[in-house]
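Dear colleague,

I am handing over the structure below. My notes on what was found in it follow.

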Number of protein chains: 2
Amino acid sequence: MVGVVAPAGPVDPEHLETGLGVIRGMGFEPVLGRYVNDRNNFLAGKDEDRADDLMVMFQNTDIKAIFCARGGYGVNRILPLLDPKIIRKNPKVVVGSSDITLLLIHLLQKCGLVPFHGPMVSGSFGCKPMKISKTQFRKVLVGDKEGGRLTAPQTRVLQEGTARGKLVGGCLTLLCRSLKTPYEVQTRDGILLIEDVNEPAYRIDGMLWQLKAAGKFRGVKGIVFGEMINCRLGEGLSDKLDSLFQDILPKSSIPILTNCPVGHGNEMWTLPLGVEATLDTDSQSLRLKNNGVS
Amino acid sequence: MVGVVAPAGPVDPEHLETGLGVIRGMGFEPVLGRYVNDRNNFLAGKDEDRADDLMVMFQNTDIKAIFCARGGYGVNRILPLLDPKIIRKNPKVVVGSSDITLLLIHLLQKCGLVPFHGPMVSGSFGCKPMKISKTQFRKVLVGDKEGGRLTAPQTRVLQEGTARGKLVGGCLTLLCRSLKTPYEVQTRDGILLIEDVNEPAYRIDGMLWQLKAAGKFRGVKGIVFGEMINCRLGEGLSDKLDSLFQDILPKSSIPILTNCPVGHGNEMWTLPLGVEATLDTDSQSLRLKNNGVS
């Protein structure tokens, strides 16, 4: 059985129903959190209730994995309400992305887990085709322990090279939101995932500037940019942000791939954070050392 | 003579013309920066040129004050290109707000200046009525050294009290953008100004959460919120964010005024940052110890 929770924004019941059908079709038996359908303005219910749903799933030994229903906003507000000791004693697969980035960072850095940056029940499976992604999602979570190689021909090489490091990162807005807080992302020696959606180019520029000024590109081994859906440079201009990335990123020899399926697109890799991966721009691939499930 | 520069986003020529007329009407003789009409996508020209315009104005002894044309985005990119030594040797009045917040913080904290959080030539005077604000702008910048008391009957008292501290802060997006960078805002012992425009409520919530988690409310003596124009809680909901402020702000005894004219509204106080001020919720006022012009 897998738990389905909504630790951030309110969930659309139809998208959730569709998404539950998709994960059932993949062989998972979903159990809904008590407050998954709650709504409190831009949050899926009270902070205490959203945190409680998550902690209940960790403590229920029948639950083998926890899938987030969607992101939106608000997972930051429940981080102080989670108990790292209980989570450490009950390690399990947790999958999410977008706003959930802050939860994943917390689980990785403070709770000793390997959390998964990947599709969500309502927000991804409930709204998008996700054909290839379903196969890879299943393979990573319940397949053999080998990580395998993920390739995507649509990626673009911003800087050539090969590098090995632990997977870190997620949604750019949340990476910046973590700075100077007790939940700040650690990026050193990592293969850094950076993705976002619906942000004007100037804001993407500002966020990358902040990560750089905060020293978060120091010691990074390689960078994997997502599709950055609807993050345009401006009316009539190319929707490719590559020139912006090149302008603000440090001139260095680390490999950088852009337009990778790691964000808000119609396909999305499921990636175990904290697991060692090899980024290779020649083969436009990311090879995982293992699947991260223990 | 006063210098007019565009250190952030590109300037609309008509708004600039209107704004120049307004400041001429107030008795100022404007001198335009060489690159003030440049445009480079979302920036008013190259970083080097925008920085150069500002440094030229500091070094020109005929220029008594520097007024920013508008905000937008991009002042962060020129901060490393400014020379604090030259600025320290040529202290003068600098006025701006919104994106210019990061420049004001830098001038206050690293260059020993008293910068002014206030209306801009194109973005404020060029677009908005600014009737009362014109009088106060002139009074602060070229009036007597006494600071005087600023009152606004439209303000709302979120938390009662009286407090004294140095004025700090500005646009919330930029206060967060400064975190963990070499340009990070220092708020301790201050009367903290917080304003923003066109941001959804969930993002305001996230930014206030970050300031709090980063310890930026620690030691703050009082808070002055701006009008937060077009930052709504949601469709059909009240546009008052006071309940959101109350939810996220630390339960304490510091005075908090909301809906103050310190942001993107039709009137806007001109406030000398770093100058001691007394916030008093009984009289809905801010009393400046002096005008900050030396």
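In this predicted model, Glu199(A) and Arg203(B) form a salt bridge, and their closest N and O atoms are 3.2 Å apart. Across the interface of chain B and chain A, 8 salt bridges are found by the rule. The rule also finds 19 residue pairs in polar contact across this interface, both residues being at pLDDT 80 or more.

Four elements of chain B give two or more residues to the side that touches chain A: helix H3 (75-78), helix H8 (172-177), helix H9 (201-213) and helix H10 (242-248). H9(B) gives the most to this side, with 9 residues. By residue type, the side of chain B that touches chain A divides into 16 nonpolar, 6 polar and 8 charged residues.

Next, the extent of the interface. In contact with each other are 30 residues of chain B and 30 residues of chain A. The size of an interface is often given as the accessible area lost when the parts come together. Between chain B and chain A the buried area is about 2,700 Å², and carbon and sulfur atoms give 52% of it. Of the area that chain B buries against chain A, 26% is supplied by Arg177(B), Lys180(B) and Trp209(B), more than by any other three residues.

On the relation between the copies: chain B is superposed on chain A by a rotation of 180 degrees with 0.0 Å of shift along the axis, and the RMSD is 0.0 Å. The two copies are therefore related as by a two-fold rotation axis. Within chain B, the C-alpha nearest the axis belongs to Lys180(B), at 2.8 Å from it. Both copies use the same surface, since 100% of the contact residues of chain B recur in chain A.

One residue of chain A is worth a separate look. Ser178(A) sits in the loop between helix H7 (172-177) and strand S9 (190-195) of chain A. Is Ser178(A) buried or exposed? Its relative accessible area is 0%, so Ser178(A) is buried, the cut-off for buried being under 20%. A polar atom of the Ser178(A) side chain lies 2.7 Å from the backbone oxygen of Leu175(A). Apart from neighbours within four places in sequence, Ser178(A) is in contact with Leu102(A), Tyr183(A), Glu184(A) and Val185(A), and also with Gln210(B).

Regards

Terms used
Residues are numbered from 1 along each chain as its sequence is written. Chains are lettered from A and ligands numbered from 1 in the order in which they are written. This is a predicted model: local features need pLDDT of at least 70, side-chain atom pairs count only at pLDDT 80 or more; totals for chains, interfaces and linings use all residues. Side-chain values use heavy atoms; hydrogens and water are left out. Copies are superposed by least squares on the C-alpha atoms of residues with pLDDT of at least 70 in both. Contact means heavy atoms within 4.5 Å. Buried area is the accessible area (1.4 Å probe) that two parts lose on being put together, summed over both. A salt bridge is a side-chain nitrogen of Lys or Arg within 4 Å of a carboxyl oxygen of Asp or Glu. A polar contact is a pair of N or O atoms within 3.5 Å; within protein, one must be able to donate a hydrogen and the other to accept it, and residues adjacent in sequence count only if both atoms are side-chain atoms. Ala, Val, Leu, Ile, Met, Phe, Trp, Tyr, Cys and Pro count as nonpolar, Asp, Glu, Lys and Arg as charged, and the others, Gly among them, as polar. Buried means under 20% relative accessible area, exposed over 50%, partly exposed in between (1.4 Å probe, protein chains only).
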